[in-house]
Amino acid sequence: MSIADRASQTQAVAIHLYPEVEVLDFAGPFEVFATASRVASRLRPTAPPPFAVFTVAREAAPVRARAGLRVLPDHGFADCPRVDVLLVPGGVVDAELADARTIDWIRARADEAGIVASVCTGAFLLAEAGLLSGRAATTHWEDLDALRARHRDVDVRADVRWIDEGAVVTSAGIAAGIDMSLHLVARLAGRDLAVRTARQMDVTWHDVP
């Protein structure tokens, strides 16, 4: 089914930011969803965009990502709008794992979102919130054993780009988040749009996990 035949509903995509977040983990998916909406607007100029993507952190104040990049989130937890897709990127997650406010927020937002997704070590935050219990999941190849050891109730799998468990989708390390996000575009707005988005971004979409 083409994008023109899909229901005209804008999906709100929230990307969680925190100190020491991996830059491509959040910037890659952000670019995918933003580009998908731009491409869709060319195909169907009068229709609402398929995605509205924004960033959210504990506070709406600058966040220093890995390697020192400063990012200004669109929202803090307190004023975050409705979320249809929550994406949790990876990075250095130790402080976030120990922060009850962050874990509680992820858990609460998962209750309202249709899909919760992670990139790389973002899977640890989903697991800490109880979202991966009894499910298959993946993460960066360096962190597979650590995820298994910390969460024995999770079926941790290697050698996959992403795993789609319906309400929860996880991807492997860093650039795999782009493949996963294109998969989500295909799932939510049609494969035609995902293919066109990958072409617009000039990336090779690994569309088989």
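**Close-up views of a predicted model**

**View 1. Strand β7 and its neighbours.** In β7, A117 is the bridge partner of L87. The model shown in this and the following views is predicted. Strands of a sheet pair through backbone hydrogen bonds, in either a parallel or an antiparallel way.

**View 2. The side chains of β7.** Which residues of β7 point one way, and which the other? I115, A117 and V119 point one way from the strand, while V116 and S118 point the other way. In a regular strand, side chains alternate between the two faces of the sheet. Five of the five residues of β7 (residues 115-119) are buried, so this strand is largely enclosed by the rest of the structure.

**View 3. The whole sheet.** Seven strands make up an open sheet with mixed pairing, in the order β5-β2-β1-β6-β7-β11-β10. Its edge strands are β5 (75-76) and β10, each of which pairs on one side only.

View 4. Helix α1 lies across β1 (11-16), β2, β6 and β7, and runs at about 155° to β2. Helix α3 (residues 100-112) also lies across β1, β2, β6 and β7, running at about 150° to β6.

**View 5. Where α1 crosses α7.** The axes of helix α1 (residues 23-43) and helix α7 (residues 191-201) come within 9 Å and cross at roughly 110°. Angles of 65 to 115 degrees count as roughly perpendicular, and α1 and α7 are therefore roughly perpendicular to each other. Residues of α1 that take part in the contact include E31, V32, T35 and R38, and among those of α7 are D192, L193, R196 and Q200. By class, the contact of α1 with α7 has seven nonpolar, three polar and five charged residues.

**View 6. The buried side of α7.** Which residues of α7 are buried? They are L193, A194, T197, A198 and M201. These residues lie on the same side of α7 because they cover an arc of only 135° around the axis. An α-helix has 3.6 residues a turn, so residues three or four places apart point the same way. The cover over the buried residues of α7 includes α1 and α6 (176-189). After α7 comes D202, with a positive phi near 60°.

**View 7. S181 in helix α6.** S181 is placed in helix α6. Is S181 buried or exposed? S181 counts as buried because its relative accessibility is 0%. Apart from neighbours within four places in sequence, its contacts are P29, V32, F33 and L87.

**View 8. Two loop residues with positive phi.** D159 lies in the loop between β9 (155-156) and β10 (162-164). Its phi is near 60°, a positive value in a residue other than glycine. D159 counts as exposed because its relative accessibility is 82%. I174 is found in the loop between β11 and α6. Phi of I174 is near 50°, also a positive value in a residue other than glycine. With 28% relative accessibility, I174 counts as partly exposed.

Key: Residues are numbered from 1 along each chain as its sequence is written. This is a predicted model: local features need pLDDT of at least 70, side-chain atom pairs count only at pLDDT 80 or more; totals for chains, interfaces and linings use all residues. Side-chain values use heavy atoms; hydrogens and water are left out. Axes are lines fitted to C-alpha atoms, for helices over the stretch in contact, and angles run from 0 to 180 degrees between N-to-C directions. Helices (H or I, at least four residues) and strands (E, at least two) are DSSP runs, numbered from the N terminus. Angles under 35 degrees count as roughly parallel, over 145 as roughly antiparallel, 65 to 115 as roughly perpendicular and the rest as oblique. Contact means heavy atoms within 4.5 Å. Ala, Val, Leu, Ile, Met, Phe, Trp, Tyr, Cys and Pro count as nonpolar, Asp, Glu, Lys and Arg as charged, and the others, Gly among them, as polar. Buried means under 20% relative accessible area, exposed over 50%, partly exposed in between (1.4 Å probe, protein chains only). The arc is that of the directions from the helix axis to the C-beta atoms. Two strands pair if DSSP finds at least two bridges between them.
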